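Please open the structure in your viewer and keep the selection tool at hand.

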Amino acid sequence: MLVSMHPKPLKQNADGDYTLTAIGTLVNGSDTIVLDAEYTDIWVGLIVSGPNIPGGSIVEATSTTSLAGTNITTITINNP
């Protein structure tokens, strides 16, 4: 029996780039970013970029919790 595992497709924009945009709260010196909503398409190993985020940062962990009835994703990044 042959079993084929297909990875979950990534978000691809009209230019063919794989991107996902999220809004988060950064705290100086912290490697944790609290996002504004639930993001099920953010996985460990994805590259994170943006203002005030060190170049080469990668998602090391994700978690989603319920806050006042709204699911909120938090990511932890490596700080190279």
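Which residues make up the largest nonpolar core? The model in view is a predicted one. To find the answer, select Ile33, Leu35, Tyr39, Ile42, Val48, Ile53, Val59, Ile75 and Ile77, the nine residues of that core. Strand 2 and strand 5 each contribute at least two residues to this core. In soluble globular proteins, nonpolar side chains tend to be buried together.

**The whole chain**

Next, display the whole protein as a cartoon. The protein contains five strands and zero helices, and its elements follow the order β-β-β-β-β from the N terminus. Of its 80 residues, 18% count as buried.

The five strands form an open sheet in the order 1-2-5-4-3, with antiparallel pairing. Strand 1 (24-25) and strand 3 (47-48) are at the edges; each has a single partner strand, so one side of each has no neighbour in the sheet.

Select strand 4 (residues 57-67) together with strand 5. These two strands run antiparallel and are joined by eight bridges. They form a hairpin with two residues between them. In the turn, select Ala68, which has a positive phi of about 55 degrees.

Then select strand 2 (residues 32-35) and strand 5 (residues 70-77). This pair is also antiparallel, and three bridges join it.

**Thr74**

Which residue of strand 5 is the bridge partner of Val34? Select Thr74, the partner in question. Ser63 also stands opposite Thr74. Is Thr74 buried or exposed? Thr74 is buried, because its relative accessible area is 17% and the cut-off for buried is under 20%. Leaving out residues up to four places away in sequence, Thr74 touches Thr32, Ile33, Val34, Ala61, Thr62 and Ser63.

**Val59**

Return to the core and select Val59, one of its nine residues. Which residues does Val59 contact, apart from its neighbours within four places in sequence? They are Ile42, Trp43, Val44, Gly45, Leu46, Val48, Ile75, Thr76 and Ile77. Among them, Ile42, Val48, Ile75 and Ile77 also belong to the core.

**Ser57**

The last stop is Ser57, which is found in strand 4. Ser57 is buried, with a relative accessible area of 0%. Which backbone oxygen does the side chain of Ser57 reach at 2.7 Å? Select Pro54, whose backbone oxygen is the one concerned. Then select Asn78: the backbone oxygen of Asn78 lies 3.3 Å from a polar atom of the Ser57 side chain.

Notes:
Residues are numbered from 1 along each chain as its sequence is written. This is a predicted model: local features need pLDDT of at least 70, side-chain atom pairs count only at pLDDT 80 or more; totals for chains, interfaces and linings use all residues. Side-chain values use heavy atoms; hydrogens and water are left out. Two strands pair if DSSP finds at least two bridges between them. Helices (H or I, at least four residues) and strands (E, at least two) are DSSP runs, numbered from the N terminus. Buried means under 20% relative accessible area, exposed over 50%, partly exposed in between (1.4 Å probe, protein chains only). A polar contact is a pair of N or O atoms within 3.5 Å; within protein, one must be able to donate a hydrogen and the other to accept it, and residues adjacent in sequence count only if both atoms are side-chain atoms. Contact means heavy atoms within 4.5 Å. A nonpolar core is a set of buried Ala, Val, Leu, Ile, Met, Phe, Trp, Tyr and Cys residues joined through side-chain atoms within 4.5 Å.
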